[in-house]
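Subject: Structure handover

Hi,

Here is the structure I promised to pass on. Have a look at it first, and then read my notes below.

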Amino acid sequence: MTTSATSPLPPRTPTPAAPPAPTAPSVATKPGSAVREKPAEPDFVPSFARNNTPAPATPQRARNQAHPADATPRSTRIIEWLCSYLPPTQRERVRNYLVLMRLDRPIGALLLLWPTWWALWFAAKDFPSPGLLLIFTLGVFVMRSAGCVINDYADHDWLDAHVARTAARPMAAGRVGKKEALALFAGLLAFAFVLVLFTNALTIKLAFVGAALAAIYPYTKRYTHLAQVVLGAAFGWSIPMAFAAVSNSLPALCWLLFLANILYSVIYDTQYAMVDRDEDLRVGAKSTAILFGDADRVILGVLMATFLLAMTLAGTRSGLHWPWFLGVGIAAGLFVYQQWLLRERGREQCFAAFRNNNWVGFALWLGLLFAVALR
């Protein structure tokens, strides 16, 4: 579990206390009676039930950092090592592009990779062909990078610049312009489309839907608290594409996995949104973390149980052996651990719970791998 000494997340800046409001004249009470104070408002309530206040100014020092506060040290070192081989005049620009693509935050790509691999193994009912495995694995990293670029394009001025954790992102800090970001987004989409051309006609048609979902998602958090559901659809669209590429069909199992992935995405992205919930409230961003309010852990528990049920049904429909169900059991244990991390809704603990979902995806894929091998 991450401690405050090693956490990549900056501490929250306390908001200056407002001057006390004038109090109403006291009323007479019976001798010995106690005056009942008004109960304090819960820490977390839906945004529509709370008045938003302007976000505090983000320190300039945070904006000037080369990497955002949530970048992982290992990935940051790899990026710096790669940039060291470039001409000095190009290092800063390339570094900014790589950070904009979130290559210093690989956790998001892994959370997209595991459902894609689930779909490939379920669709093939065996080890998928090396060609398709390569295409979809590369496609995951390319499309995740494209999604991050368009996300920062949409959020850099109205949201990221006002949140301490994201203020150092390249667009929020002004190190990458809008035209550069759009050109990079278009280039990544073009590369992903070239990869899809090596599949079949149905997969190519589905790819256009996936690109649209990736472009729409960043704007949904301005208008709906269910942006995490749209994210789940965008992240999970690789599932019907994988079934289409393997079997040229979209069976019921495909859509069961797709719906399960939406649940999975809502779980981990709600935990992610809980990290910045107070700052999002001030800025006016919407999320399931804000919508759920102080019922967040209970609702997450229901979503976790429903996701595990859906994955169990997927295994029974496919006739999988015991390793798959062992993987589902391990995933259940990891969810219990996440609930324990979230017990106090601490900033670093919410982020640790979010990252732990990488192990949930890996445990399920590993169980699927061995279950298929036993057939």
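Let me start with a salt bridge: Asp-276 pairs with Arg-165, and their closest N and O atoms are 2.3 Å apart. The two sit in distant parts of the chain, 111 residues apart, with Asp-276 in the loop between helix 10 and helix 11 (277–283) and Arg-165 in the loop between helix 5 and helix 6. Both ends are covered: Asp-276 counts as buried because its relative accessibility is 4%, and Arg-165 counts as buried at 3%.

Before you read too much into any of this, remember that it is a predicted model. Mean pLDDT for the protein is 85, with 81% of residues at 70 or more. Helix 14 (residues 322–341) has the highest confidence, at 98, and helix 1 (residues 60–63) the lowest, at a mean of 51. Two stretches need care. Over residues 1–7 pLDDT stays under 50, and the model gives them eleven contacts beyond four places in sequence. Residues 44–59 also stay under 50, with 37 such contacts in the model.

Back to the salt bridges. The count comes to ten. One of them joins the side chains of Asp-155 and Lys-221, at 2.8 Å from N to O. Asp-155 belongs to helix 5 and Lys-221 to the loop between helix 7 and helix 8, so this pair ties together parts that are 66 residues apart in sequence. Are these two residues buried or exposed? Asp-155 is buried, at 1% relative accessibility, and Lys-221 is buried too, with a relative accessible area of 10%. The cut-off for buried is under 20%.

Then there is Arg-277, which forms a salt bridge with Asp-296, the closest N and O atoms being 2.9 Å apart. Arg-277 is in helix 11 and Asp-296 in helix 13 (residues 296–317), so the pair ties together parts 19 residues apart in sequence. Arg-277 and Asp-296 are both buried. There is a network as well: Arg-102, Asp-152, Asp-160 and Arg-169 are joined into one by salt bridges that share partners.

Arg-277 also comes up with Ile-290: their C-alpha atoms are separated by 6.5 Å, although the residues are 13 apart along the chain. Ile-290 belongs to helix 12 (residues 288–292) and is buried, with a relative accessible area of 0%.

Which element gives the largest share? That is helix 6, with three residues. Phe-193 is in helix 6 and is partly exposed, with a relative accessible area of 33%. Setting aside neighbours within four places in sequence, Phe-193 is in contact with Ile-204 and Phe-208. Its C-alpha atom is 9.8 Å from that of Met-143, which is 50 residues away along the chain. Phe-198 is in the loop between helix 6 and helix 7 and is exposed, with a relative accessible area of 62%.

At 17% relative accessibility Ser-318 counts as buried, because the cut-off is under 20%. Beyond its neighbours within four places in sequence, Ser-318 is in contact with Phe-122, Leu-253 and Arg-375.

Cheers

Definitions and conventions. Residues numbered from 1 in each chain as written. Predicted model: local features only at pLDDT ≥ 70, side-chain atom pairs only at ≥ 80, totals over all residues. Heavy atoms only, no water. Helix = DSSP H or I, 4+ residues; strand = E, 2+ residues; numbered from the N terminus. Buried < 20%, exposed > 50% of the residue type's maximum accessible area, 1.4 Å probe, protein only. pLDDT = per-residue confidence, 0-100. Contact = heavy atoms within 4.5 Å. Salt bridge = Lys/Arg side-chain N within 4 Å of Asp/Glu carboxyl O.
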